[in-house]
Amino acid sequence: MNIKKIQETIAPVREQVVSHPLYADLQTLDDVRTFMQYHVYAVWDFMSLLKGLQQQLTCVNVPWIPTGNAATRYLINEIVTGEESDVDKEGNRCSHFELYERAMQQAGADTAPINAVITGIRTGKTIQDLFFAAILPEAVKGFLNFTFNVIATGKAHIMAAVFTFGREDLIPDMFLALVKDLGQKFPGKLDTFIYYLERHIEVDGDHHSQLAMQMVSELCGTDKHKWDEAAEYARQSLYWRHELWSGILSEKVIL
């Protein structure tokens, strides 16, 4: 198996995500706020997946020792720099997660639940503790549970496949167009969110996605079992993304 075979394997479920009815259903500022209050967890656990990969592929301990392959070290460190220390509209350094929280605040979305999760982690709580203690929607719990189970495998090729095929370039241009239209209707409310989406498409959808595919190829090599595992976990990651989108749509219907 190779990259092309993985893309063929995941194509049906990927299409379900890209063409999900949620996008067209985002018609009001309240709709966007609801979306952001769910999606922020995907922005956050993306960073956890990324740092898990960095732990597997590089040395993050002291004393330092050479670890892994120099090519994959370069790839993951390049991606970490872009995701953890990008720039906002004014050129100030910030992570994509911090940028997303600013977008939520500008839009008037509720950041208290995600901040409670971050505070819990800082005070020593585990992910499992937070699943039971925090009032998280079921769709969010399922999504996060899958991500942290992937990290717990400790298998870099699985983590890289989920990172590459389950988390990159999944917000279509149609969604950005809808948000821009709402931005015109509600000036000053979605400017930061629009910038985040444009930056995500520019960086993650092009340069980083190419680096990530190289990383998967390096990690799977000629091992068929690794390629098979990579394809299956990539498929599952897209399934859980679809479930997250459906959870948002269900809450909108309830509201």
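Q: Contact means heavy atoms within 4.5 Å; which residues of H3 and H8 meet on that criterion?
A: In this predicted model, the H3 side consists of Tyr38, Tyr41, Ala42, Trp44, Asp45, Ser48 and Leu49. They meet Ala139, Val140, Phe143, Leu144, Thr147, Phe148, Val150 and Ile151 in H8. The residues of this contact comprise 12 nonpolar, two polar and one charged.

Q: Why is H3 called roughly parallel to H8?
A: Two packed helices are described by the angle between their axes and the distance between the axes. The axes of H3 (residues 29-57) and H8 (residues 138-153) cross at roughly 5° and come within 10 Å. Angles under 35 degrees count as roughly parallel, and H3 is therefore roughly parallel to H8.

Q: What makes Arg199 and Asp86 a salt bridge?
A: Side chains of opposite charge can pair when their charged atoms come close. The criterion is a side-chain nitrogen of Lys or Arg within 4 Å of a carboxyl oxygen of Asp or Glu. The closest N and O atoms of Arg199 and Asp86 are 2.8 Å apart, so the pair qualifies as a salt bridge. It links distant parts of the chain, with Arg199 in helix H11 (residues 191-220) and Asp86 in strand S1 (residues 86-87), 113 residues apart.

Q: How do you know whether Arg199 and Asp86 are buried or exposed?
A: Buried means under 20% relative accessible area. Arg199 has 19% relative accessibility and therefore counts as buried. Asp86, at 4%, counts as buried as well.

Q: Why is the pair Lys5 and Glu8 called a salt bridge?
A: The closest N and O atoms of Lys5 and Glu8 are 4.0 Å apart. The limit is within 4 Å, so the pair is counted. Both residues lie in helix H1 (residues 3-18), three residues apart, about one turn of the helix.

Q: How many salt bridges does a search of the whole structure find?
A: The search finds 12 salt bridges.

Technical notes. Residues numbered from 1 in each chain as written. Predicted model: local features only at pLDDT ≥ 70, side-chain atom pairs only at ≥ 80, totals over all residues. Heavy atoms only, no water. Axes fitted to C-alpha atoms, helices over the stretch in contact; angles between N-to-C directions. Helix = DSSP H or I, 4+ residues; strand = E, 2+ residues; numbered from the N terminus. Parallel < 35°, antiparallel > 145°, perpendicular 65-115°, else oblique. Contact = heavy atoms within 4.5 Å. Nonpolar A, V, L, I, M, F, W, Y, C, P; charged D, E, K, R; others polar. Buried < 20%, exposed > 50% of the residue type's maximum accessible area, 1.4 Å probe, protein only.
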